[in-house]
Amino acid sequence: MRIIDFEASGGFAGEGTHVLARFSVQVTEDLRLCGLKLVDTPKGRRTFFPSVSGGGRSVTASISLSRQITAAASIFFERHEIAHDRTAA
């Protein structure tokens, strides 16, 4: 699995959920999930969900795969934050 098309983002996704980044993930050679959002929820949980209009989920994943995708995107996010930290130096 690899994260592709990663871009740090901002804003809210409703109910106090803060958007951290938008990304796509190549799950296998045959499966790519596009237009995902990495978010922090009001309950302190980090997760992801697809960008959809009209409501409802367009992608679902097992708990195990969901945790793997969230962890991979979180690593990308942390690296991005470190790389763009203008207060250091």
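A residue is called buried if its relative accessible area is under 20%, exposed if over 50%, and partly exposed in between (1.4 Å probe, protein chains only). By this rule Phe6 is buried, with a relative accessible area of 19%.

The model described here is predicted: local features need pLDDT of at least 70, side-chain atom pairs count only at pLDDT 80 or more, and totals for chains, interfaces and linings use all residues. Residues are numbered from 1 along each chain as its sequence is written, and side-chain values use heavy atoms, with hydrogens and water left out.

| Residue | Relative accessible area | Class |
|---|---|---|
| Phe6 | 19% | buried |
| Phe76 | 33% | partly exposed |
| Thr47 | 11% | buried |
| Asp5 | 59% | exposed |

**Helix α1**

Helices (H or I, at least four residues) and strands (E, at least two) are DSSP runs, numbered from the N terminus. Helix α1 covers residues 63-83, which makes 21 residues. The expected span of a helix is 1.5 Å times one less than its number of residues. For α1 this gives 30 Å, and the end C-alpha atoms are 30 Å apart, which agrees.

The buried residues of α1 include Ser66, Ile69, Thr70, Ala73, Ser74 and Phe77. Seen down the helix axis, the buried residues fall within an arc of 135°, so they line one face of α1. The arc is that of the directions from the helix axis to the C-beta atoms. An α-helix has 3.6 residues a turn, so residues three or four places apart point the same way. On the face turned away from the buried side, α1 carries the exposed residues Arg67, Arg79, Ile82 and Ala83.

What covers the buried residues of α1 includes the strands β1 (2-8), β2 (18-28), β3 (31-40) and β4 (46-50).

**Thr47 in strand β4**

Thr47 lies in strand β4. Contact means heavy atoms within 4.5 Å. Leaving aside residues up to four places away in sequence, Thr47 touches Lys37, Leu38, Val39, Thr41, Ser66 and Thr70. Of these, Ser66 and Thr70 are among the buried residues of α1.

**Phe6 and Phe76**

The structure holds one aromatic pair. Rings of Phe, Tyr and Trp (its six-membered ring) pair if their centres lie within 6.5 Å; planes under 30 degrees apart count as stacked, over 60 as edge-to-face and the rest as tilted. The ring centres of Phe6 and Phe76 are 5.2 Å apart and their planes are at 50°, so this pair is tilted. Phe6 is in strand β1 and Phe76 in helix α1, 70 residues apart, and the pair links these distant parts of the chain.
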